[in-house]
Amino acid sequence: MNLCKVLVLVLGAWAVWLPSTALLEDIGTEDDGLCPVGTNGDYLLLEEGKDDEARWSIFDQLSTTEIWDVINVLVDDMGFFHERNETYQIKDMPTPAGPDHIYRVELFEPSKKEALAYLDGDGPRPQRFAKAIVIRASAEPKDVMEYKVGPLPIPEDKRSRKEIKKKGKGPRPGVTVEELLEDGEMPFVKRPTHKYTSVWSETVVARVAYQLREAFKDSTGYCYGSDDTTEELKEETSAECGTSLLYWLEFPVLHSNDSKRISHIHWFFKPRNAGGEEFELHPVPISFKLDESGDEVDEWDVVDVEYCHQGPFPSVKAFLKAYRSDQLVKCVAPEWREGDYDESWSKTSGRTRFRGGSREASPRTFEPEGRRFSISGKTPGGGHHFHYLGWEGHIGMRPDTGLTLHDLRFRGNRVAYEVSLQEQYVAYSGYGGAGQVVYFDSYFGIGLSSFPLKKGLDCPESAEYLSVAKLGLTGIVENAPDIICIFEEDSQTTEWRHTHTNGTSHRPHLDAVRRSALIVRSIATIGNYDYIYDVRFKPDASIQVDVIMAGYMESSFFGPNGETQKDLPFGTRVHKYTFANLHDHLCNWKIDLDVLGTENSVHRHEVKLGTWEEALKSVDPEAKPPGWHTSPYVKYIDSSQPKEEFGMNKKSDDGLYVFTNDLKTNQWGQPRGYAIVHGLTHGQILPDSHPFTKAMAWSKYHLAVTQHKDSEPKSHAGIYDMNIPQKPHVSLDSFLDGESIVKEDLVGWLTMGLHHIPRSEDVPLISNFGTSFFIKPWNYYEELVSMDMGDNDKFQTCNPRAGSAFEYSWAWA
């Protein structure tokens, strides 16, 4: 039997699989047994009524059944609009004048006090509720309202039609619908995005673009929109621009009037054979602002037309007057109008150039003796629970902020109540209007924008792929498959090692174990960028979180004859008409550590250079330099304990912060704790007065520490604060109100990120890069925890050249 299309080197519980089309193809073997691959553990779906066997399921997001049940209450009992099964008519579609429509339905999370009591067997199971967000166009004043709906499951409505008609709008018996905001607290101008906002904007954008068709045609050869003054005119003018190769995107404008909702409309050329986001590298030198503050779309207006760094012109009429009088420098891309324009430089599909040898299959990994982790679930698509080499915890995904982890434990001790992404932010810089763009990715939905992972590419073929239940921005309810993957990674290095050369036997020997880690991964594709989120659970009781950026950069039009040279300090020219703007990627994470309980404190340690007297003053204020050292200077650890809530920035503070339980010490008298440690990271460099910084107070701090409060669940409200960001609904600064952080339930709010200085090698796609942080045990244990990892320094092989299984002998023995 010929087994040798592959060469497999098995090491401990892991293996590297090197596929080849020719390797050892004609070599036989006396051993016809197959390579040991073990058996993969099945995903365990727990039975109904087994709640106490799945206490962690209180963190499950809503299932599709629960989402539909809540929608039915809001539609049937409360009279709100939703596209149930998409059976509605066009005439029913919401407008800024009404009807009130359902934007989102998600889990209303239980209070931490209730959750901990239940998780630890000291209290009842918390009741389950949903949170619904409704855009109320018919309210006075117009606003956005959040409702608490439940308890779940929703009972069947057994009222007669007569009873319902007599009672009017209101929830059925056994269900409460509680308003969570004051009327008008969330103004209509801060409403979140949904499929209707684009439809509303398109009406005005298409009309204005048609008025600007002369400039669009001169620049690109194409135009957009039609004259919709009357249905007859719309029909007559639609043919002129036809199926346009122009595309527009909408971004919030930073302005001083917090009662207006104003968006920037940026334009792009969409190549004929484009497969997706190639337009991001084909910016058009025209933009304008759209004032969407009016109660009716007919009241919306366009202002501040910008053309090739010229303007802004207060109106379309003013711009066209200047344009037609030859007062303006023209920016054109004549190649785009040609039918044979070669856009291959911007494409990622249909590639024809391949490096020699690169099309042969690359190495793969597999588990030769089966999985060392297990996964279980209770609510389909709601959440999942994992076990791995002492670790366990709950995995979920929020619609707006994405990946969440709850009740993380190691060896039975809770390390963290919650570790979750709070916000992902990108801010561009540039001279033109297109350069001053900011994204709060939760506005679009980091969880909603997490799409199915590709097996064998995004994650190993052998990974467990998990589904997520969603109510999308288009109103569709689905149980989306393969949104999260979980697998054990072979790190191809050692967890710990040492080569001993001074033993009493006078013979050298190596002690080591191979490193692996459990990875929980999700990937969100939000427009042009992809974000890869990895959470690693390691055998040494530490957690590593990586955020990796991938995808297309956004860009501005570059005038090759110097028309846009004022952009040069703000980025890099990367193609003939393409200028890539400088931008930042920052994200914020909530780290709710519970170190042996909730009575925690923070200790700060910093390595300093000082005199011997400075180094010794904490232990002996009268100490003098020792006589056996000659230098008056020495490195030492300066330790302190912050007493009140604080926020720190690494530009001025390079300390190490450890969350401790000062009532619990290890064998050596050290308070047991966990440290939060940054990897490579940059930070916010804009001043506190800048609108971007005002909108995201969390971006000012690499780490902020506050008392836990259920009333402070998130550091940002991007779904609202993307619009009128200078007046945020949620600000981390309001959390920092001087409360004690000594023996209290504490939360760390961590910011990490990178400045992205573009380069030509970022075209068409950037080469993935990222940033990270770590949660590490700090004197929690008496020794390195992973010393109990089993020996795995013996090989087995299926290479027939070697015959049957054998032990590998170290070359230096």
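## Largest cavity

The lining of the largest cavity holds 10 nonpolar, seven polar and two charged residues. Here Ala, Val, Leu, Ile, Met, Phe, Trp, Tyr, Cys and Pro count as nonpolar, Asp, Glu, Lys and Arg as charged, and the others, Gly among them, as polar. This is a predicted model, where local features need pLDDT of at least 70, side-chain atom pairs count only at pLDDT 80 or more, and totals for chains, interfaces and linings use all residues. Residues are numbered from 1 along each chain as its sequence is written, and side-chain values use heavy atoms, with hydrogens and water left out.

The volume of the largest cavity is about 190 Å³. It is lined by 19 residues, and Val284, Pro285, Ile286, Ala434 and Phe557 are the closest to its centre. Strand 10 gives the largest share of this lining, five residues. Strand 9 (262-269), strand 10, strand 11 and strand 25 (555-557) each give at least two. Strands (E, at least two residues) and helices (H or I, at least four) are DSSP runs, numbered from the N terminus.

A cavity is a set of points on a 1 Å grid, over the protein atoms alone, where a 1.4 Å probe fits but cannot get out. A pocket is an open set with protein on both sides within 12 Å along at least five of seven lines. Lining residues have an atom within 4 Å of a point. Points are joined across faces, edges and corners, and a volume is the space filled by probe spheres set on them.

Strand 10 (residues 283-291) pairs with strand 11 (residues 301-307). The sense is antiparallel, with five bridges. Pairing requires at least two bridges found by DSSP between the strands. Isoleucine 286 has tyrosine 307, in strand 11, as its bridge partner.

Strand 11 also runs antiparallel to strand 12 (residues 310-313), joined by two bridges. Here tyrosine 307 is bridged to glutamine 310 of strand 12. The two strands form a hairpin with two residues between them. Cysteine 308, in the turn, has a positive phi of about 50°.

## Second largest cavity

Five cavities reach 30 Å³ or more.

Strand 20 (464-471), strand 4 and strand 16 (391-398) each supply at least two lining residues. The largest share, four residues, belongs to strand 20. By class, the lining has nine nonpolar, two polar and four charged residues.

## Second largest pocket

The second largest pocket has a volume of about 980 Å³. Of its 40 lining residues, Phe108, Lys131, Asp710, Pro713 and Lys714 lie nearest the centre. Two or more lining residues come from each of strand 4 (101-108), helix 2 (112-119), strand 5 (128-136), strand 6 (143-152), strand 18 (413-428) and helix 10 (718-721). The lining is made up of 16 nonpolar, nine polar and 15 charged residues.

## Isoleucine 766

Isoleucine 766 belongs to strand 36 (residues 766-778). It counts as buried because its relative accessibility is 5%. Buried means under 20% relative accessible area, exposed over 50%, and partly exposed in between, with a 1.4 Å probe and protein chains only.

Beyond residues up to four places away in sequence, isoleucine 766 touches Tyr529, Met549, Ala550, Gly551, Met553 and His756. Contact means heavy atoms within 4.5 Å. Alanine 550 lies 216 residues away along the chain, yet the C-alpha atoms of isoleucine 766 and alanine 550 are separated by 5.8 Å.
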